[in-house]
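These are my notebook entries on a structure that I went through by topic. The sequence and coordinates come next, followed by what I looked up.

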Amino acid sequence: MSITLRNIRKDYDQNTEVLKDVSVKVETGEFFVIVGPSGCGKSTLLRMIAGLTPITGGEVQIDDQVVNELPPKARKLTMVFQNYALYPFLSVWDNVAFGLKARKLDSADIKQRVDNALKMVSLTKLRKRKPRELSGGQRQRVALARAVASDAKICLMDEPLSNLDAQLRIKMRQEIYALQRKLGLTLIYVTHDQVEAMTMADHIMVLHDKHVQQIGTPSEIYQTPANDFVAKFFGTPQINILPAKRSADNDHILNVSSDLEIALNQPVPAENLKIGVRPDDFKIERADGVSSNAVVKNTEFLGNETIVYATMNSGSDIHVVVDGQVAFRSYEPVKVTASSKLLFFDQNGNRINLAKEALVHA
Amino acid sequence: MNIVAKPKLSHTILNYILLIVLAAVVLGPFLIGLWTSFLPTMDIAKGNFLSLHLSLQNYIDAFTQTPIIRYLGNSLFISVATMIAQLIFCSMSAYAFVFLKFKYRNFLFGLFLATMMLPFEAEIIPNFTTVKALGLLNTYSVMIIPFLTSAFGTFMLRQSFLQMPAELKEAADIEGLGHFQFYWKIALPYNKISLLTLGAYSFLGAWNQYLWPMLTTFSNAYRPVQNGLRQLQSEETFNDWGMIQATAAIVVIPTLIVLFVGQHYFKSGMNEGAVK
């Protein structure tokens, strides 16, 4: 079942607009992730699709039917909540069966569905336990089993993993992904975690400041972000955004915060602009005081790589990822050069498309 | 390092002495009452409280010579009916105040609460006139109908319902549960502890009523136990104190049962695991 949103808008009252002009089509069987910082309206959007929150403007369409006025039940979907929303007085089995019983399914059918669902999330042994006797990950599995047991082909998930610890989150991420593929669910998944978005999504929608910033595949979003917000949101460590100028003498030369010159194979697209450099696209080397253009602040060793924090002579802070272990002392002068790829943003933060693929000679 | 200093021995002893004195003050009358209920009235009248003529004769007399069983039955019926009615009506109105959205909801709730400010004694005269006009005097109804619901119970359950996670309602909406189904299948079981508390509270409240039944009942057929107890004293010229004590002990038993049984349920942690 596909879901189409057309110019969705949400106001809580005259003055507080939460969402504006959200349009997207989610295809059948797609893993669609809505991502954004907290307070960007992503949970509100999900609740509007579910029918739990009234829609102020625009249309929600499931398959060929506009569902704005339909109650949640008639939209034939399931939802998994951040805090699981289990019924504490019911056993695991009854929790999963609850919705099916409410829909008055035949009891043999219920038994089969619940048993299957519990088997799929490997909870068969714990079916008689109460939620309070389960660990966080097990509770989350019960919530997933509820979605699995339902015959609804649309599943909405509202930050389902954010209450779990890091290890468990990776495991559950894989389980959710496998379940979605196996059952062919159309899954809309809300998260603030860019890693979850990148690893699971077919398509990502980035929400920020009431607006859709970009919709695209994970690689599109990473490689061609629509603006500096999207560029900064994806990738760890964060991308470096630095002010830059077109050189007055040569329009092929880019002057980055007056510390670094980069020669392009085409004219610099604007006089004043911002560039984005991923931390692993910088190169850093020891230099004497004369040729250096930055000073090391500190380094973080992560095992396979090292993050070097440095301050350019002009005062901009940057961070650089270097393979393996490198030892820089604090306050050691270094020379920073940019290699290969750059992203260009105008003064408002929108990305500028270059005429040709940028070949950069640092 | 142990930062908490060990309390001095003299302090501990003083604390315990104080506690023992207070316990004696609180429990004393109760224990004396229980003790005398086993003594023959002759010994009580002579002030011979340390007599060892203990027997269950007073209890046998109470059951055979007084309408105590009738009183107990009346009280039991009135209390159970009041309790059930309050559980149903308070939980329903609390549900409405929490989960239904209607105009002037908060104002109406304020009005509801305002009725709690009026002491029952202030309402007695208008209530009496009302039930008299309805012809309800000296019936069971007169002791049940004015207490079918209570602002306190509604308030208590409303607070309890408010603490339910909003996601439970949302999950129920998605499953397509109507208000009544959500109320019955989720809200009530989820708030079992509050309901038990209110049940115990309203049962004991009805059981221990005295003023209202005294005004509205005139015959042993409807008289509840507290008033019956009083009746035993004045009906006879010679007060059989031993038997009256035995009756009083019998009357207290349900209260104790409710408290002991209740205690088992009033542990926390029953709703753990609904949400993280």
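What share of residues 3-234 of chain A is helix, what share is strand, and how far apart are the end C-alpha atoms? I worked on a predicted model throughout. Over that stretch I found 37% helix and 25% strand, with the end C-alpha atoms 25 Å apart.

**Entry: the open sheet of chain A**

I traced six strands of chain A that form an open sheet in the order S6-S7-S8-S3-S9-S10, with mixed pairing. I then asked which strands stand at the edges. They are S6 and strand S10 (211-216) of chain A. Each has a single partner strand, so one side of each is left without a neighbour in the sheet. For the twist I noted an average of 15° from one strand to the next.

Within this topic I looked up the pairing of strand S7 (residues 154-158) of chain A with strand S8 (residues 186-191) of chain A, which is parallel and spans five bridges. Opposite A:Cys155 I found A:Leu187 in S8(A). I also recorded that H4(A) lies across S6 and S7 of chain A, and that H4(A) runs at about 175° to S6(A).

**Entry: strands S1, S2 and S4 of chain A**

I turned to strand S1 (residues 3-11) of chain A, which runs antiparallel to strand S4 (residues 57-62) of chain A and is joined to S4(A) by five bridges. S1(A) also pairs with strand S2 (residues 17-26) of chain A, again in the antiparallel sense, over six bridges. S1(A) and S2(A) make a hairpin, and I found five residues between them.

**Entry: helices H2 and H4 of chain A**

I looked up how H2(A) packs on H4(A): the angle is about 35° and the axes are 9 Å apart. The crossing of H2(A) past H4(A) is right-handed. From H2(A), the residues that take part are A:Val92, A:Asn95, A:Val96, A:Gly99 and A:Leu100. They meet A:Val142, A:Ala145, A:Arg146 and A:Ala149 of H4(A). By class, I noted six nonpolar, two polar and one charged residue in this contact.

**Entry: the contact of chain A with chain B**

How many residues does each chain give to the contact? I found 26 residues from chain A and 21 residues from chain B. On the side of chain A that touches chain B, the elements that give two or more residues are strand S6 (77-80), helix H2 (92-102) and helix H4 (136-149) of chain A. The residues of that side divide into 16 nonpolar, five polar and five charged.

**Entry: B:Thr36**

In chain B I looked up B:Thr36, which lies in helix H1 (residues 9-36) of chain B. Is B:Thr36 buried or exposed? I recorded it as buried, because B:Thr36 has 22 C-beta neighbours inside 10 Å and the cut-off is 20 or more. Leaving out residues up to four places away in sequence, B:Thr36 touches B:Ile44, B:Phe49, B:Gly242 and B:Gln245. Finally, I noted that B:Thr36 and B:Asn58 are 22 residues apart in sequence and 9.6 Å apart in space, C-alpha to C-alpha.

Methods: Residues numbered from 1 in each chain as written. Chains lettered and ligands numbered in written order. Predicted model: local features only at pLDDT ≥ 70, side-chain atom pairs only at ≥ 80, totals over all residues. Contact = placed C-beta atoms within 7 Å. Helix = DSSP H or I, 4+ residues; strand = E, 2+ residues; numbered from the N terminus. Nonpolar A, V, L, I, M, F, W, Y, C, P; charged D, E, K, R; others polar. Pairing = 2+ DSSP bridges. Axes fitted to C-alpha atoms, helices over the stretch in contact; angles between N-to-C directions. Left-handed = near helix turned anticlockwise from the far one by under 90°. Buried ≥ 20, exposed ≤ 12 C-beta atoms within 10 Å, placed from the backbone.
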